[in-house]
Amino acid sequence: MSTELRTPRLSGSARRLLVHGGFTAIAILYVAVLVVAPLIGIAWAALRGGLSTWTATLSQPDVVHAYVLTGIITAITVVVSSVLGVVVALVVARDRFPGRSLMSAFVDLPLAVSPVIVGVMAVLLFGRGGWFEPWFSARGIQILFALPSMVLVTMFICIPFVIREVVPVLQELGVSEEEAASTLGASSWQTFLRVTLKNIRWGLLYGIALTTARAIGEIGAVLIVSGSITGKTETATLYILRAFDQNHDASGYVVALTLALVSIALLVGIEVFKRREERKLRT
Amino acid sequence: MARWGLRGTALLYLGLMIVLPTVVVVARGFGSGVSAFRDALTTPGAQEAIVLTVVLAAVTALINVVFGTELAYVLVRYRFPGRRLLSTIVDIPFAIPTLVTGVMLRALYGPISPVGAFLGQHGIQVIFAQLGILLALLFVTLPLVVRAVQPVLLELDETEEEAARVLGASRWLTFRRVVFPKLRPGIVAGGLLAFARALGEFGAVVIVSGNIIGKTLTAPVLITQLINGGKPEDAAAVATLLFGLSFVLVLVTERLLATGRKETS
């Protein structure tokens with residue numbers, strides 16, 4: 001009996017090393033082929049043309065306008081969805097009322113709905129024959145093929161990110177610190193700023209980073225509602241799409257690489273900050 | 001007072017931004033009854049596009065369920081140099097604009113690159129083919145599965161596995177009988193999320209697919225073509241169909257995650 005057990009055990013450590021090594025290799029290989037190789041591909045394609053392609057692309061007025069438009073839409077989306085996102089997170093995490101679970105289901109809805117469908121929703125609401133079209137057109141306010149609809153669809157798509165990052169933090173925190181603060185005489189606003197906001201800041205920041213990345217990269221919904229008018233409603237992503245349609249591939253690769261770099265910088269920056277903070281907490 | 005203010009603001013925000021547009025699509029889509037769907041399906045290319053989208057999304061979800069679970073397991077259980085880097089790289093598809101994902105694949109597998117040229121010589125076409133769409137969908141949905149399985153794995157109590165091992169169960173048997181049943185809700189939820197996401201993906205697909213009707217034209221791309229072609233009614237019908245599918249998927253996933261949470265707590 002004892003020898004039977006011992007034999008597999010001895011070869012077991014060697015086999016475990018083999019299994020661990022094998023599984024780790026599969027994991028690394030999958031990520032390398034699926035994610036890393038295309039990253040190298042775009043870096044190669046964008047840098048291949050040399051500096052002149054970059055200066056020629058980035059000095060085009062259309063490109064500059066596209067970047068600015070993407071920046072404006074992203075800024076508005078980030079501000080609105082983080083302020084209101086924190087409000088919704090507080091309600092979802094703390095408040096108890098009938099329909100609360102339905103509320104959190106609706107929060108997740110934009111994650112599952114195709115951006116293209118979001119665009120169609122906006123057309124149904126604000127387009128010809130839409131519910132709100134008479135009211136806005138009577139006042140001469142242009143929604144479709146203009147900034148308002150582009151901001152609205154981007155906001156819809158970005159709603160879940162801040163909420164989903166902040167809710168778990170709030171649930172874990174509990175309310176004891178806040179109660180202590182208010183017992184010690186802090187106003188509810190002071191308590192929020194000094195205690196709640198301070199405690200959720202990493203979750204909030206992570207949510208903001210995800211929102212920013214998503215807003216910068218939005219294409220499907222924006223394509224449908226904007227009409228993609230060059231120099232007017234063309235965002236950076238819409239520019240890339242047009243560049244490839246019109247066989248200006250070199251410019252497309254350059255702008256695409258800049259967007260990729262911004263997004264990765266956001267992600268890595270937040271990771272680094274998060275780790276530094278974790279280390280601070282531990283020591 | 002403050003509580004009602006918060007509650008009211010939250011309800012108003014979600015009500016106007018999410019519930020209202022959802023109601024409009026459902027009302028418009030189902031308002032005209034079944035005929036709208038018949039119209040949607042008789043639109044040229046629609047039937048093929050919907051079938052292609054569903055099949056590719058299913059294949060994507062299956063592949064990523066296998067490799068995503070494996071990745072989550074490796075990330076949680078093994079210690080090796082570069083583990084944190086691997087974990088960060090897994091999140092990259094969350095951050096990168098979907099359209100840029102398509103551009104990346106085009107750069108790597110397009111005819112201008114050595115890789116694309118090499119594959120082309122051996123008769124493998126990636127760009128403007130279904131393989132390209134599949135790669136794009138796999139890229140975009142990978143973190144969804146990994147991040148759905150990972151927290152469940154982290155919470156697992158390893159003593160049960162040790163007990164199974166001590167009692168003589170093989171590594172594979174332990175995984176199948178002890179680990180897998182606990183992971184199942186997370187795996188299924190991750191798979192459904194990946195499926196839903198792949199159904200609706202536009203940005204990553206549009207630039208690699210070439211949009212050939214019946215071959216590489218997916219439903220989301222078809223919807224944009226219909227809108228651009230001045231047929232919002234047809235677009236709305238196809239969109240409603242796709243929306244109905246995603247909506248059901250979200251409800252199922254929520255249920256699964258809720259029961260999963262109840263079981264672990």
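Predicted model: local features only at pLDDT ≥ 70, side-chain atom pairs only at ≥ 80, totals over all residues.
**Cavities**

On a 1 Å grid over the protein atoms alone, a cavity is a set of points where a 1.4 Å probe fits but cannot get out, and lining residues have an atom within 4 Å of a point. Grid points are joined across faces, edges and corners, and a volume is the space filled by probe spheres set on the points.

I took the largest cavity first. It holds about 60 Å³ of space.

Next came the second largest cavity, with about 40 Å³ of space. I listed A:T70, A:I73, A:T154, A:A215, A:I216, A:E218, A:V222, A:T235 and A:T237 around it. In chain A, α3 (61-94) and α9 (188-217) are the elements that each give two or more residues to this lining. Its residues divide into four nonpolar, four polar and one charged.

**Chain B**

I then counted secondary structure in chain B and got twelve helices and zero strands. Helices (H or I, at least four residues) and strands (E, at least two) are DSSP runs, numbered from the N terminus. The C-alpha trace of chain B spans about 70 × 65 × 35 Å along its principal axes. Of the 265 residues in chain B, 53% are buried, meaning under 20% relative accessible area with a 1.4 Å probe, protein chains only.

**Nonpolar core**

What is in the largest nonpolar core? I found 172 residues, and those with the most contacts inside it are A:I42, A:V88, A:I240, B:L71, B:V100 and B:I223. Such a core is a set of buried Ala, Val, Leu, Ile, Met, Phe, Trp, Tyr and Cys residues joined through side-chain atoms within 4.5 Å. I picked A:V88 and noted that it touches A:M103, A:V107, A:I163, B:A10, B:Y13 and B:L14, leaving out residues up to four places away in sequence; contact means heavy atoms within 4.5 Å.

**Bookkeeping**

Residues are numbered from 1 along each chain as its sequence is written, and chains are lettered from A in the order in which they are written. Local features need pLDDT of at least 70, side-chain atom pairs count only at pLDDT 80 or more, totals for chains, interfaces and linings use all residues, and side-chain values use heavy atoms, without hydrogens and water.

Notes:
1 Å grid on protein atoms, 1.4 Å probe; cavity = no way out; pocket = protein on both sides within 12 Å on 5 of 7 lines; lining within 4 Å. Nonpolar A, V, L, I, M, F, W, Y, C, P; charged D, E, K, R; others polar. Buried < 20%, exposed > 50% of the residue type's maximum accessible area, 1.4 Å probe, protein only.
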